[in-house]
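This report concerns selected local features of a protein chain. Please consult the sequence and the coordinates alongside the text.

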Amino acid sequence: MNNIMQLGKGCCGCSGCEQICPKNCISMQKDNEGFFYPVVDEDVCVDCGACVKHCPMITDAPRCSEPKVYAAKYKDRESTFKSTSGGLFIPIAKNILSDGGIVFGCAYDENLVAKHIAVESENELCRLQSSKYVQSDTRGIYEQVKSALKSGRQVLFSGTGCQVAGLKTYLSRDYDNLLTVDIVCHGVPSPELFKNYIDYMGKKLGGSLTSYNFRSKEKRGWDLYYKADNGKKSKSDYGFFDSYYSAFLYCKTYRESCYECKFANKNRVGDITLADYWGIQKAHPEFYDENGVSLVLVNTEKGNKCLTKIKDKLDIIESDYDKASVMNSNLVHPSKRPSCRDSIYDGFDCGNFETYAKTKLAFKINPKTKIKKMIPLGVKRFLRKLR
Ligand SMILES: Cc1cc2nc3c(=O)[nH]c(=O)nc-3n(C[C@H](O)[C@H](O)[C@H](O)COP(=O)(O)OP(=O)(O)OC[C@H]3O[C@@H](n4cnc5c(N)ncnc54)[C@H](O)[C@@H]3O)c2cc1C
């Protein structure tokens, strides 16, 4: 065996190997935790080594080490309300579409499965908006990106660091018409775990979910509130008070490679990096906004050109990496693997998510946090003014 399967749990699941294989002998298949890993048909494999050569975990994609750092907000507040942080992704994407370009990013399909898709019109962009805290399926997407690039269209590809690196090693050359945005990433839970959770939430609400927003701003503005909806009934609560969400926030359910992530540092792989500007209240108190603030790292000249083009659509100030990293550890190192990760997926697919969650994803609610989250938003605003 001289192929991609030697990576074992070091694989990030970008599926670049499946898409590059000239013999089509690699398929991404779910393991017992519900993550996709490559499986090679050894009878067809000719050991050409393409999968290894184009793997982002083995071959390094070009990186930048000295980003320009900004705190920014998209001036369109209605749009930003639907985004995760300060809504920066949308003006970047609109700028590409206005040039007749094409935007690739993560959307839910009709069954709430997170998948990378291509978007060609502004009214479809909302599908890419907001973070889906689960690993997105990128099968087949790099092939689509390459064919759009070859046709000469402007292309924006957005995703986690490993997905952007996967695209770059898949392409193995730069394209002037390609802009990449990587998002700062804490780690990703398995698609199968998310599916079980969504089914369970649907049952709890009395009908299958039609939408699930991890970062709904309806109740408490820019925070960690989810909203699950089935068209008739909805449930919204703080992420730390939910089994799936709190396990995500406490880094319990990530893909094994996330704990060794080589993209969780200052050497960014995208032209632009986007994140929540956590800690803005301390770093730049005058810039805080309860509708959200984005952290923007401009890593390359291409990224800089894009930002210059959209600057009049933003409120933006300069910041610096050290300030931005204080409350955002994934800018410095990968998430730490807790010991409970060894067995966290045991029995997750037993058919009874509630029982599984009670034993494996049990969480304690800190009474102080509970009280803090019960304070009405109006009172919170008043207290903030007094500070
Ligand atoms: C799994 C995950 C973990 C994250 N962890 C952190 C963190 O620890 N710290 C931090 O500051 N920010 C983190 N983020 C990034 C943050 O939540 C926002 O995505 C970022 O601030 C951009 O927000 P926005 O308001 O500009 O636009 P939004 O409209 O919210 O951004 C949407 C963008 O996110 C991409 N996206 C959404 N879900 C996924 C996904 N599952 N996989 C790949 N791409 C996706 C879309 O393609 C699109 O480009 C994480 C995001 C994800 C998906």
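The model is predicted, and the descriptions below are computed from its atoms.

An open sheet is formed by three strands in the order 8-9-10, with antiparallel pairing. Its edges are strand 8 (211–213) and strand 10 (234–238), each of which pairs on one side only. Direction ignored, neighbouring strands of this sheet are turned against each other by 10° on average. Helix 7 (residues 191–205) packs on the sheet and touches strand 8, strand 9 and strand 10. The direction of helix 7 makes about 120° with that of strand 10. Within the sheet, strand 9 (residues 225–229) is joined to strand 10 by five bridges in the antiparallel sense. Ala 228 has Lys 235, in strand 10, as its bridge partner.

**The hairpin of strands 1 and 2**

Strand 1 and strand 2 form a hairpin with five residues between the strands. Their pairing is antiparallel and runs over five bridges. Met 28 stands opposite Pro 38, which belongs to strand 2. In this hairpin, Gly 34 adopts a positive phi near 90°.

| Strand pair | Sense | Bridges |
|---|---|---|
| Strand 1 (residues 26–30) and strand 2 (residues 36–40) | antiparallel | five bridges |
| Strand 9 (residues 225–229) and strand 10 | antiparallel | five bridges |

**Ala 118 in strand 5**

Ala 118 is located in strand 5 (residues 114–119). Is this residue, Ala 118, buried or exposed, or does it count as partly exposed? Its relative accessibility is 25%, so Ala 118 counts as partly exposed, since that class lies between the limits of 20% and 50%. Leaving aside neighbours within four places in sequence, Ala 118 is in contact with Ile 102, Val 103, Phe 104 and Gln 144. Ser 130 lies 12 residues from Ala 118 along the chain, and the C-alpha atoms of the two residues are separated by 16 Å.

**The patch around Leu 383**

Which residues make the nonpolar surface patch of about 270 Å²? The patch is made by Val 379, Phe 382 and Leu 383. Leu 383 lies in helix 14 (residues 377–386). With a relative accessible area of 39%, Leu 383 is partly exposed.

Technical notes: Residues numbered from 1 in each chain as written. Predicted model: local features only at pLDDT ≥ 70, side-chain atom pairs only at ≥ 80, totals over all residues. Heavy atoms only, no water. Patch = residues over 30% accessible without salt bridge, like charges linked within 9 Å, V, L, I, M, F, W, Y side chains within 5 Å. Areas by Shrake-Rupley, 256 points an atom, 1.4 Å probe, with all protein chains shown as cover. Salt bridge = Lys/Arg side-chain N within 4 Å of Asp/Glu carboxyl O. Helix = DSSP H or I, 4+ residues; strand = E, 2+ residues; numbered from the N terminus. Buried < 20%, exposed > 50% of the residue type's maximum accessible area, 1.4 Å probe, protein only. Pairing = 2+ DSSP bridges. Axes fitted to C-alpha atoms, helices over the stretch in contact; angles between N-to-C directions. Contact = heavy atoms within 4.5 Å.
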